[in-house]
Amino acid sequence: MDKKLQSLYQETILKHGHDPKNFGKPDRYDQFAEGFNRLCGDKVNIYCKYNFNLELEITFESVSCVICTASASLLTTELGGSSKETAIELIDTVLDGLHCSTLNQKPLSKQLTMLDGVKEFPSRIQCAALPWATTRKAIIESKTRLE
Amino acid sequence: MNKAFNLENIREDFPILNQEINGSPLAYFDNAASTQKPKAVINAIKNYYEQDHSNVHRGVHTLSVRATELYEESRTKIAKFINANTSNEVVFTKGTTESINVLASTLSGLIKQGDEILISTMEHHSNIVPWQELCIRTGAILKIIPINKLGELQLDSLEKLLSKKTKIISVTHISNTLGTINPIKKIIELAHLCDAYVVIDGAQAIAHTPIDVQDLDCDFYTFSGHKLYGPTGIGVLYGKENLLNKLPPYQFGGEMILKVTFENTSYNSLPYKFEAGTPNIAGSIGLAVAIDYLNSLPLDLCHQYEMEIHDYALDRLKSFSNIKLIGESHKKSPIISFIAKDIHPHDVGTILNQKGVAVRTGHHCTMPLMEFFNISGTIRASFSFYNTKNEVEQLIDALGVAFKMLS
């Protein structure tokens with residue numbers, strides 16, 4: 001099997017891509033954003049909810065490829081329980097890593113560095129980045145009921 | 001004597017085909033997006049810039065005269081290729097998109113509030129958005145001719161939609177996503193009964209079927225050079241001379257004028273009225289050479305062979321039980337769109353590319369059509385006369401790998 005393909009479609013990615021965590025629209029949420037991939041028409045909806053300690057819970061809905069779905073699923077597990085500020089910091093680190101092909105040089109969890117496989121496939125970077133950019137938009141641009 | 005179809009010779013004419021992608025021979029099945037260029041076209045552009053380039057219709061010096069002659073010869077060849085009545089009816093544009101935009105912009109003067117524009121469900125975004133914009137500007141209403149589940153345009157519905165309010169019908173000759181061949185002659189006939197103008201998006205059809213604009217009696221026909229084995233950035237707007245004369249210019253500046261004073265400007269005659277600024281001279285020459293090249297081939301046999309490859313691929317795809325075809329019209333051109341159960345087209349496209357196979361995945365700039373089929377995108381293999389059955393086998397093998405990996 002092709003090494004580049006294996007690196008793109010690692011077991012963890014395929015697992016999250018086929019059976020994503022935190023998938024679905026919650027009954028209530030504080031912030032929301034939708035993201036589109038202009039190239040392929042994929043769509044991701046991100047829902048953010050804050051608990052009493054102002055910690056994030058993120059769920060998503062999407063019509064998307066394995067890479068985008070897995071990336072969104074990993075995002076929800078990584079950002080869950082974070083403060084808004086910590087979340088933005090991690091989002092910016094991941095987006096920078098994806099766009100500059102330096103994800104494996106960043107201080108990230110092992111599962112997140114698995115998204116590094118996209119660097120060999122420039123047209124797929126947007127697939128991995130879309131959920132992160134959309135979550136950033138939800139947190140920064142959409143109004144919360146808490147503010 | 002009839003010319004013979006020689007696949008080996010044809011493939012030698014296209015240098016780009018002879019290369020490896022990711023360690024496998026290139027199998028190029030993205031011809032609906034853009035066709036590859038024969039050596040003759042590549043050399044013609046090089047020769048033009050090396051020997052004949054200057055601006056057209058401007059100078060008395062030799063190079064300007066040569067460039068002008070080549071440019072106008074190209075127009076004449078293209079007019080002959082589509083059987084236009086006169087080369088004045090051939091306006092050079094950037095491509096199909098610009099051709100349609102010229103019409104949506106210049107026809108708006110003839111449209112008033114409440115008039116109706118008809119397009120179909122299967123249109124490319126470039127044959128939707130310009131008309132939406134025209135409707136916003138004028139208060140006209142955009143109406144959609146429906147299709148059936150096979151991806152065929154419903155003529156009976158068109159007849160019901162047509163009325164004295166219908167001013168323009170703009171439909172594709174061949175769907176870029178489904179491969180459906182639309183009965184445009186019949187559509188034109190029906191439209192003319194209501195005195196509506198007909199615009200045909202010929203972007204796909206131009207490479208797969210002979211076009212005779214006089215026989216079709218279409219008012220406007222549009223196409224791009226790069227889908228006809230010519231260069232990118234050059235296209236054609238064909239229009240009946242009397243109609244083009246009625247329309248105002250699209251852009252203003254050099255070339256399209258007759259006389260300019262600070263008080264008043266009069267415009268040039270056809271086709272220059274629609275060609276403001278220095279045109280894509282090399283592009284037009286390249287397109288005409290592409291037409292010369294096609295005329296040197298047994299074009300009817302080429303079209304027949306493309307369908308053989310299409311039918312072969314269709315038959316081989318049946319070996320996969322997880323595939324569903326999108327677009328099964330009874331009249332088709334060599335385009336196959338399909339989806340695979342629980343597998344996203346984009347993932348398939350990446351894996352195919354790793355195996356040297358170039359297909360297009362996604363919505364193919366036909367989002368409303370995707371909505372009709374309730375899907376987000378398809379995998380599309382579109383064929384040319386330079387494709388081979390071995391390449392189809394390469395596609396089938398690569399699909400096997402993709403499905404195994406992604407299931």
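**Reading the model**

Modeller: Just after H7(B), Asp195(B) takes a positive phi of about 60°; helices (H or I, at least four residues) and strands (E, at least two) are DSSP runs, numbered from the N terminus. This is a predicted model, in which local features need pLDDT of at least 70 and side-chain atom pairs count only at pLDDT 80 or more, while totals for chains, interfaces and linings use all residues. Residues are numbered from 1 along each chain as its sequence is written, and chains are lettered from A and ligands numbered from 1 in the order in which they are written.

Colleague: Which residues of helix H7 of chain B are buried, and against what do they pack?

Modeller: A residue is buried if 20 or more other C-beta atoms lie within 10 Å of its own, exposed if 12 or fewer, and partly exposed in between, with C-beta atoms placed from the backbone. In H7(B), residues 184-193, the buried residues are Ile184(B), Ile187(B) and Ala191(B). Seen down the axis of H7(B), these buried residues fall within an arc of 55° (that of the directions from the helix axis to the C-beta atoms), so they line one face of the helix. The general idea is that an α-helix has 3.6 residues a turn, so residues three or four places apart point the same way. The buried residues of H7(B) pack against helix H6 (155-161), strand E7 (166-172), strand E8 (197-201) and helix H8 (213-216) of chain B.

Colleague: Is Glu152(B) buried or exposed?

Modeller: Glu152(B) counts as buried because 21 other C-beta atoms lie within 10 Å. Glu152(B) lies in the loop between strand E6 (141-145) and H6 of chain B. Two residues are in contact if their C-beta atoms, placed from the backbone, lie within 7 Å; leaving aside its neighbours within four places in sequence, Glu152(B) is in contact with Ile147(B), Thr180(B) and Ser329(B).

Colleague: How is the sheet of chain A put together, and which strands stand at its edges?

Modeller: Two strands pair if DSSP finds at least two bridges between them. In chain A, three strands form an open sheet in the order E1-E2-E3, with antiparallel pairing. Strand E1 (31-36) and strand E3 (56-63) of chain A stand at the edges, each with a single partner strand, so one side of each is left without a neighbour in the sheet. Eight bridges join strand E2 (residues 43-50) of chain A to E3(A), and Asn45(A) has Glu61(A) in E3(A) as its bridge partner.

Colleague: Which domains does chain B have, and how do they meet?

Modeller: Domain bounds come from an automatic or database domain assignment, which for chain B gives domain 1 (7-30 + 298-406) and domain 2 (42-295). The centres of domain 1 and domain 2 of chain B, taken over C-alpha atoms, are separated by 29 Å. Across the boundary, 23 residues of domain 1 of chain B are in contact with 21 residues of domain 2 of chain B. On the domain 1 side, H13(B) gives the most, with four residues.

Colleague: How many residues of chain B are in contact with chain A?

Modeller: There, 15 residues of chain B are in contact with 15 residues of chain A. H12(B) gives the most to the side of chain B that touches chain A, with five residues.
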